[in-house]
Amino acid sequence: MALSCKTEAEFEEYMRRKTKWWCHVDDDMYVNTDVLVRLLSKYDSDSDVYLGRNSITYPWKFTWGNTLVHAWFGTGGGYCISRALALKMDKYVSGGELRELSGKLNVADDVTIGFIINFLLHTKLTATNLINTHIKLHGLPYLKPYQIPLQAMLSYHEDSYQTHVRVNITAEDVGNKSKVFNTEEDPSRFFHDSLHDPPTDRLLSGIV
C-alpha cells in the first residue's frame, strides 16, 4: 500500500505538470535520458501508449467481483505512459483511488497500474527491450558491455542471495584501453565499462 500511495502522488504531480509523458522509474534504476527521449519520440503521446517490460511470461490473474480476469503489467522498475492514456487513467488513480484499488486487488502498485490499463481501459502493454529491471527475465546478466549505453533504463541491484549481479566484463572486452577492475574494486563492473566506452561514461557521469 505504501508504494501505491507514492505512485499515486507521483501520478497526481504529473497530471498537474501537463507534460506529454509520465515515466515512472524506481530509485534503483539508471536512466539514459538521451536514449529514453529517442525511444519516446517513436510514439504518439496523443494516443494510448503503455510502454514497459513485462515481469512474467503470463498475464496476472485477478479476482474482480466474482470473476477471474487476466491482465498484463509492465514491471514497476520503469515504464512510460502517454498523456492521452494518463487522462483516461486519472479517475482510477488520483484522489486515493489507486490505493483503494490496490487494496481490493491485494497487489502492488505496478500490477494495479497494469490492471487499470490492460483490463479496465483495454490498452495493451507495448514491450521494449530497452528497459531492463531487476527481475530474472532481463537485466545486467543478459547484457554485453557494449549494450549498456544503448539502454533507456537499467537496474543496479542484488539478487535473492544478496550478491551483486554483474556485467560479464573480461580483459578481451577492453583490450588495452583500460584495466579490468576486480569485483572488490568495482562490484557491478560499471566503473570498468565507463572507462571502456565514452557513451557509457556520459551515461554514468551523474549517477556513479
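Reader: Why is the disulfide of Cys23 and Cys80 called right-handed?

Author: The torsion about the S-S bond of Cys23 and Cys80 is about 110 degrees, so the disulfide is right-handed. This is a predicted model, in which local features need pLDDT of at least 70, side-chain atom pairs count only at pLDDT 80 or more, and totals for chains, interfaces and linings use all residues. Residues are numbered from 1 along each chain as its sequence is written, and side-chain values use heavy atoms, with hydrogens and water left out.

Reader: What makes Cys23 and Cys80 a disulfide?

Author: A disulfide is a pair of cysteine sulfur atoms within 2.5 Å. The S to S distance between Cys23 and Cys80 is 2.0 Å, so the pair meets that limit. A search of the whole structure finds 1 disulfide.

Reader: Which parts does the pair tie together?

Author: Cys23 lies in strand 1 (residues 21–25) and Cys80 in strand 6 (residues 78–82), so the joined parts are 57 residues apart in sequence. Strands (E, at least two residues) are DSSP runs, numbered from the N terminus.

Reader: How do you know whether Cys80 is buried or exposed?

Author: Buried means under 20% relative accessible area, exposed over 50%, and partly exposed in between, with a 1.4 Å probe and protein chains only. Cys80 has 1% relative accessibility, so Cys80 counts as buried.

Reader: Why is Cys23 called partly exposed?

Author: Its relative accessible area is 24%, so Cys23 falls in the partly exposed class. Cys5, at 36%, also counts as partly exposed.

Notes
Helix = DSSP H or I, 4+ residues; strand = E, 2+ residues; numbered from the N terminus.
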